[in-house]
Every structure is written in C-alpha cells, then in structure tokens.
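Subject: Structure handover

Hello,

My notes follow below it.

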Amino acid sequence: NQRGQAIALIALGYYYVNLGEPEKAFESYSDGLLRAQAVHDLSVELLARLAIGNMKRKFGEKQESLASYEAARVLALRIGDKTAQAMVAGGIGSVSFEMGNYSKALTYMEEATRLFELNGKKWGAAEGKLDLGRIHHGLRNEEQALVYLADALALFKTLSMPRLEALTLRE
C-alpha cells in the first residue's frame, strides 16, 4: 500500500542521514513525500516534510530547510497536531538561530516550548528551554538565558537525560 511504502521510504531516509548520505536521504524522503501526496495522507506528508527540513538543516542547507519547515507548518496547522506544530516551530526557531535571525528564532522557539508544555511533552519543553537559553545568550540577555538554562537542566534531570544535562551545564 502507498501509505506503508511512504513511511518505509521516510524511515530509509533517516538511515541515509545517519550514514551521512544526504542525496540518498533526500531521494528517499522525496519518494515518500510523493507517495503520501498520491494517497492524500497529510500526516505522512507532514512527516516527510519535517524530515526533509531536519536533513537540510543538518547538512547546512538552511534556506531549503526553512522552506520545508514552512510547508510542514501549514500541514501541522491544517491537521491540528499540536506536537507536530511544536516540532516544526522548534525547527524554524533552530534554523533561524543558526542563520543569526535571533528575533525570529525567539518567536518560534517560544511557540514550540509553549506547545510542548501544553501537551505534556517534557522532553520537548526541556529542549525548547535549552534553545531559548542559547537564543537569549545570543541576544546578550544573560539573566534570561540563565533562567531558561536552569529550567532546562531541572527538566532534563527529572527525565533522566544525563547527556542533555551535561550539554545544558556546558552552555
């Protein structure tokens, strides 16, 4: 079935990303996207667009990443999936930060963190607070940065995520 094939192709794309093969990953994601569109499965299309955005970001293609995240955002809003909306907002916030657009990064990361908190997704809220700390540091709002970093550290401790605790302490 097309939906199952689309999901399998997206999963294969993740494998290629981890192997450091962005061309193969993009081809796999794109094929999955086309199959999802063929059967009008918006949730799988959203998954493919989010995966493409993440992959493009990882391999330094910031503008393409933003375009994919924006397309995913439209789908997440249309479907009404709050967790997906948070993930997409976080992606837009992260890539905006990497591009030096701190104002846009702040807006989207605040949205992502708020949505993760509203949906009880502590891991997402913790990562959002860590990113908000980084953004405020970039804006030279050191006191606010410390507040977010302390909040992130507390959440990572409750989630037993020592690697992210260490990362937060490093910030």
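**Loops and positive phi**

At 61% relative accessibility, arginine 140 counts as exposed (over 50% relative accessible area; buried is under 20%, partly exposed in between; 1.4 Å probe, protein chains only). Arginine 140 sits in the loop between α7 (122-138) and α8 (142-158). Its phi is positive, about 70°, although arginine 140 is not a glycine. Most residues other than glycine have a negative phi.

Before going on, two notes on the source. This is a predicted model, in which local features need pLDDT of at least 70 and side-chain atom pairs count only at pLDDT 80 or more, while totals for chains, interfaces and linings use all residues. Residues are numbered from 1 along each chain as its sequence is written, and side-chain values use heavy atoms, with hydrogens and water left out.

Histidine 40 also deserves a line. Histidine 40 is in the loop between α2 and α3. Helices here are DSSP runs (H or I, at least four residues), numbered from the N terminus. Histidine 40 has a positive phi of about 55° and is not a glycine. Its relative accessibility is 69%, so histidine 40 counts as exposed. Glycine 60, which follows α3, has a positive phi near 85°.

**Helix α2**

α2 has 17 residues. From first C-alpha to last, α2 reaches 24 Å, close to the 24 Å expected at 1.5 Å a residue (expected span: 1.5 Å times one less than the number of residues). The buried residues of α2 are Pro22, Ala25, Ser28, Tyr29, Ser30, Gly32, Leu33 and Ala36. Their cover includes α1 and α3.

Serine 28 is in α2. At 4% relative accessibility, serine 28 counts as buried. What does serine 28 contact, leaving aside its neighbours within four places in sequence? The partners are Leu9, Ile10, Leu12, Gly13 and Tyr16. Contact means heavy atoms within 4.5 Å.

Helix α3 (residues 42-58) has 17 residues. The span of α3 from first C-alpha to last is 24 Å, close to the 24 Å expected. Its buried residues are Val44, Glu45, Leu46, Ala48, Arg49, Leu50, Ala51, Ile52, Gly53, Met55 and Lys56. What covers them includes α1 (2-18), α2 (22-38), α4 and α5.

The axes of α3 and α4 come within 8 Å and cross at roughly 155°. That makes α3 roughly antiparallel to α4 (angles over 145 degrees). Axes are lines fitted to C-alpha atoms, for helices over the stretch in contact, with angles from 0 to 180 degrees between N-to-C directions. The crossing of α3 and α4 is left-handed (the near helix is turned anticlockwise from the far one by less than a right angle).

By class, the contact of α3 with α4 has ten nonpolar, five polar and seven charged residues. Nonpolar covers Ala, Val, Leu, Ile, Met, Phe, Trp, Tyr, Cys and Pro; charged covers Asp, Glu, Lys and Arg; the others, Gly among them, are polar. On the α3 side, the residues include Leu46, Arg49, Leu50 and Gly53. On the α4 side, they include Tyr69, Ala72, Leu75 and Ala76.

**Helices α4 and α5**

Helix α4 (residues 62-79) and helix α5 (residues 82-98) pack at an angle of about 160°, with their axes 9 Å apart. They are therefore roughly antiparallel to each other. The crossing of α4 and α5 is left-handed. By class, the contact has ten nonpolar, four polar and four charged residues. Among them are Leu66, Tyr69 and Arg73 in α4, and Val88, Ile92 and Val95 in α5.

Leucine 66 lies in α4. Leucine 66 is buried, with a relative accessible area of 11%. Leaving aside neighbours within four places in sequence, leucine 66 contacts Ile92, Val95, Ser96, Met99 and Lys104.

Serine 94 lies in α5. Is serine 94 buried or exposed? Serine 94 is buried, with a relative accessible area of 11%. Beyond its neighbours within four places in sequence, serine 94 is in contact with Arg57, Met109 and Asp131.

Best wishes

Definitions and conventions
Helix = DSSP H or I, 4+ residues; strand = E, 2+ residues; numbered from the N terminus. Parallel < 35°, antiparallel > 145°, perpendicular 65-115°, else oblique.
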